[in-house]
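Hi,

Here's the structure I said I'd pass along. Have a look at it first, and my notes on the ligand and the pockets follow below.

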Amino acid sequence: MATTVQNLLTCENLVKSFGQEEHNVLDRVSLSVKNGEFVSVMGPSGSGKSTLMYALSGMDTVNGGTILFDGKDLSKMKDKELADTRRNAMGFVFQQPSLLRNLNILDNIILIAVRSDPKNRKAITKKAIDLMEMAGIASLGQREVSQVSGGQLQRAGICRSLMNNPKILFCDEPTGALNSKTAGEIMDVFGEINKVGTAIVMVTHDAKIASRSERILFMSDGKIVKELKLFGYYGREEESRVDKIMEIMREIGI
Ligand SMILES: Nc1ncnc2c1ncn2[C@@H]1O[C@H](COP(=O)(O)OP(=O)(O)OP(=O)(O)O)[C@@H](O)[C@H]1O
Ligand SMILES: [Mg+2]
């Protein structure tokens, strides 16, 4: 019998370098993410976290190793198949969402979906409004990008990245530009997203933010040097989870 929870994403021995003389920015990284799992990635600046996210999501190529997503090898895909996989099954949230200034919030959220399926504008808009409700920005659809706060803009970016019902959401410091209260609210949104079965892989520098995930991978010098499973800590106060994370952060010099 197959196990009930399958791996959604598995990489083995990923190697990435940016020049022949340079050391490997990713140095034989292996990891897996289960369907619906919420994993954080932490590590010092320059340890390779963003590079890992770009590699796992097929946004950048690697020099060695394999990435299996949903049973398929990303490196063996033709450009079109890779683009389709990314468009249909993956979402991305960056520290600063790049929304177009000449469109309002709603139009930004639906833009890509409408472009690929113009006849379905009505259903797409309905979906966007449902997501905006989930993210707490339902009333802001008609606002200009310049008329909303950083936290609201990030919520809009998250809605946009969920329009294709991704199986996995990659987030690179999604709360890095936000104050701690707003960051906590964004984490509540991620909690909702994760609850309905979307896997999340999130880079963060913040122990409190990372404490909301199920598992943390710690990177240093292009390697995963430690793993912390948090479900064992879930019964405890947030404070004790954060203490444990900070202990490891000190250990590896974050
Ligand atoms: N396009 C590139 N060309 C050359 N070197 C690069 C490139 N992108 C990243 N690097 C190098 O790879 C290393 C890892 O970078 P990366 O952006 O993955 O780090 P990070 O862990 O995300 O850091 P931070 O926490 O500061 O965002 C760094 O030494 C960086 O200078
Ligand atoms: Mg980075």
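Starting with the ligand: an N or O atom in the side chain of Ser50 sits 2.9 Å from an oxygen atom of ligand 1. Keep in mind that this is a predicted model. Lys49 also reaches an oxygen atom of ligand 1, with a polar side-chain atom 2.7 Å away. Ser47 uses its backbone instead, where a polar atom is 3.2 Å from an oxygen of the ligand. On its own, ligand 1 has 640 Å² of accessible area, and the protein covers 57% of that.

The residues around ligand 1 include the run Pro44, Ser45, Gly46, Ser47, Gly48, Lys49, Ser50 and Thr51, along with Phe18, Val25, Glu173 and His205. By class, that shell comes out as seven polar, three nonpolar and two charged residues.

Now the pockets. The largest has about 610 Å³ of space and a lining of 21 residues, with Arg87, Met90, Ile112, Arg160 and Asn164 nearest its centre. Helices H2, H3, H4 and H5 and strand S6 each give at least two residues to that lining, which splits into ten nonpolar, six polar and five charged.

The second largest pocket has a volume of about 220 Å³. It is lined by 15 residues, and Thr175, Ser180, Ala183, Asp206 and Ile209 are the closest to its centre. Helices H6 (180–195) and H7 (207–210) are the elements that supply two or more lining residues, with H6 giving the largest share, three. Here the lining has seven polar, five charged and three nonpolar residues.

Cheers

Technical notes. Residues numbered from 1 in each chain as written. Chains lettered and ligands numbered in written order. Predicted model: local features only at pLDDT ≥ 70, side-chain atom pairs only at ≥ 80, totals over all residues. Heavy atoms only, no water. 1 Å grid on protein atoms, 1.4 Å probe; cavity = no way out; pocket = protein on both sides within 12 Å on 5 of 7 lines; lining within 4 Å. Points joined across faces, edges and corners; volume = space filled by probe spheres on them. Helix = DSSP H or I, 4+ residues; strand = E, 2+ residues; numbered from the N terminus. Nonpolar A, V, L, I, M, F, W, Y, C, P; charged D, E, K, R; others polar. Near = heavy atom within 4 Å. Polar contact = N/O pair within 3.5 Å; in protein donor to acceptor, adjacent residues only side chain to side chain. Areas by Shrake-Rupley, 256 points an atom, 1.4 Å probe, with all protein chains shown as cover.
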